[in-house]
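Open the structure in your viewer and keep the selection tool ready. We will go from one stop to the next.

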Amino acid sequence: MSERKATLKVDGLDETIELPIYSGTIGPDVIDVGGLTAKGMFTYDPGFVSTAACDSQITYIDGAEGVLLHRGYPIDQLAEHSDYLETCYLLLYGELPSKAQKDNFVSTVKRHTMVHEQIRTFFNGFRRDAHPMAVMCGVVGALSAFYHDSLDISDEHHREVAAFRLIAKMPTLAAMSYKFSIGQPFMYPDNNMSYSENFLHMMFGNPCEPSNISPVLAKAMDRIFLLHADHEQNASTSTVRMAGSSGANPFACMAAGIAALWGPSHGGANEAVLEMLEEIGDVSRIDEFVARAKDKDDPFRLMGFGHRVYKNFDPRAKVMKEAADEVLAELGIDNDPLLAIATRLEQIALEDSYFIEKKLYPNVDFYSGIILKAIGIPTSMFTVIFAVGRTVGWIAHWHEMISGSYRIARPRQLYTGHAQRDFVPLDKRG
Ligand code: CMC
C-alpha cells in the first residue's frame, strides 16, 4: 500500500480528494487516479502524455537523459555484446539465458520458421502491388486461422508456443510479402542459418542458386532487429495491450500492433525518411525543407526527427548511426546522394535553434532507413522490418499483461457533442 498521497482540491467540491502515489524502481512517481470515477470525474489526457496505463518490468526509458534499458540492461551494451534472439529471450523471460538456455531457445525458434503451406495460397488473395504492411496486417491476423493449438490465452503453454511462432514466422512472412510483390517464388527458411542471415536469404535468395549472405549485412540486420525489439508503451505496444485486454488471441493482437505501427508518426517514419530525402533531392534544397518544417502553417515535418519521450539523443539512434557508418564503410558507399543529404540535414537540424529549443533530435528511424537502403532493402519493406523486430516486444508485453491481473482497457471521454434532444421527422427537418 502506498503511504504517500497527493491531495486534489476541486472547485465546487467541499472535500479534498486523496490519491495514492506509487514509486517504480526508477523513474517518475505516478498518482493513482482510479478513485476519481467514484467522485464523478475522470482525468483528461489526450495522447496519454501524462498517463501510465499499466505497470511493467520489461523496459525503462529516461527520455531526458536518453536512456533505454531492457530488463535493466542498457541498449548500447546489448547492441554491442548480445544478438537479437538473446535479447528476445531476455525480454520474454526477464533474464539473460545460460548457454544451454540460449541454444535451446534458438533451436526452438528455428523449428517454427516455416509457415503452414496453405498460407502460400492465402497470399494470392492480395494484389501484387499491395503495400507489404497491408499484406502483413492481413497474414499475421490470419495466423489465428491456421494455428488453433496456440489460441487459448489462459494456457501458459499455448502462450509460449504463440510467442515462438510469432518470433520465428515474422521474417518468413515479411520476406514472402516482398517476394509476392516482385513476382518471385517464396523461399523456404534455411534453419542452418542465423535468424538474420535466414531473413536475408528469404528476401534476396532464389531457388536456382545457393544464397551467399554477407556476414556484415547479416550482422547489421541483426542489430536493426535488436534495436527495434521493444520500446515500452509506444503506440503499437499499447494497441497490442489494448486489443489483448479484451481477451483477443495473440495473432489478432499482433495484427492490431502492425496496423498501429504502420503510421508515419510511428514505424512508418523509416519509410517516410527515405521518401523525404528523395523529395529533397539535393543538398542545395535542404534549407527550403527545414524552413517548411519550422513553418506553423505548413504540415510538413522533418521525418526521423523528434520523439514523444526522448528529449535528448535517442540512444538507439546513436548505435544505429555507428552501425550505418560501419555498413557504408564495409560496402564502400561514400558518394550516395541521399546519404549526403541525410548527413547535411542532421548537421543543420542539430544546430538550428528551432530544433534545439524543441529538443528535436534525430530518432532511430532517421539512421535505420539509411542502413536498410545500403543493405538493398526496398523502401516499402522498412516498416515491415521494424514490425519483425518489434514482434518480441509486443508479445512480451501481451504475455506480461495476460499472466498478471488486468482489466479490459476502456478509456472515457470529455463529451462535447449535443446534449439529449428529440428526434425530428424527415418532413420537419430544415
Ligand atoms: N519536424 C518539425 N517540427 C516538429 C517535429 C518534426 N519532426 N516533431 C515535432 N515538431 C514540433 C511540433 O510542431 C511541435 O511544435 P509546437 O510545440 O510549436 O506546436 C513540437 O515540436 C512538439 O511536437 P508534438 O507533435 O507535440 O510532439 P509529439 O510528442 O506529439 O510527437 C512525434 C512526437 C515523433 C510524432 C513527432 O516528433 C514527429 O511527428 N516526428 C516525425 C515522425 C517520426 O520521425 N517518427 C518516428 C518516431 S521514433 C520511432 C518510433 O517510436 O516509432
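Start by selecting Ile 21 and Ile 31: Ile 21 stands opposite Ile 31, which belongs to β3. A word on what you see: this is a predicted model, where local features need pLDDT of at least 70 and side-chain atom pairs count only at pLDDT 80 or more, while totals for chains, interfaces and linings use all residues. Residues are numbered from 1 along each chain as its sequence is written, and side-chain values use heavy atoms, with hydrogens and water left out.

**Stop 1: the sheet around β2**

Select residues 16–22, strand β2. Strands here are DSSP runs of E, at least two residues long; helices are runs of H or I, at least four; both are numbered from the N terminus. β2 pairs with β3 in the antiparallel sense, over 2 bridges. Two strands count as paired if DSSP finds at least two bridges between them. Strands of a sheet pair through backbone hydrogen bonds, either parallel or antiparallel.

Which side chains of β2 are buried? Ile 17, Leu 19 and Ile 21 are; they point to one face. Buried means under 20% relative accessible area, exposed means over 50%, and partly exposed lies in between (1.4 Å probe, protein chains only).

Next, show β1. It runs antiparallel to β2, and 5 bridges join the two. Select Ala 6 to find it opposite Leu 19 of β2. β1 and β2 form a hairpin with 6 residues between them. In the turn, click Gly 12, which has a positive phi of about 90°.

**Stop 2: another open sheet**

Move on to β4, β5 and β6. These 3 strands form an open sheet in the order β4-β5-β6, and the pairing is antiparallel. The edges are β4 (59–62) and β6 (73–74); each has a single partner strand, so one side of each is left without a neighbour in the sheet. Select β5, residues 67–70: it pairs with β6 in the antiparallel sense over 2 bridges. His 70 stands opposite Tyr 73 in β6.

**Stop 3: Tyr 406**

Where is Tyr 406? It sits in the segment after α17 (382–403). Tyr 406 is partly exposed, with a relative accessible area of 32%. Show what it touches: Ile 153, Gly 244, Ser 245 and Met 401, not counting residues up to four places away in sequence. A contact means heavy atoms within 4.5 Å. Then pick Arg 241. Tyr 406 and Arg 241 are 165 residues apart in sequence, yet 9.9 Å apart in space, C-alpha to C-alpha.

**Last stop: the whole protein**

Clear the selection. The protein has 17 helices and 6 strands. Its radius of gyration is 24 Å, close to the 22 Å that the globule rule gives for 430 residues, so the protein is as compact as a globular protein of that length. That radius is taken over C-alpha atoms, and the rule is 2.2 Å times the number of residues to the power 0.38. Of the 430 residues, 47% count as buried.
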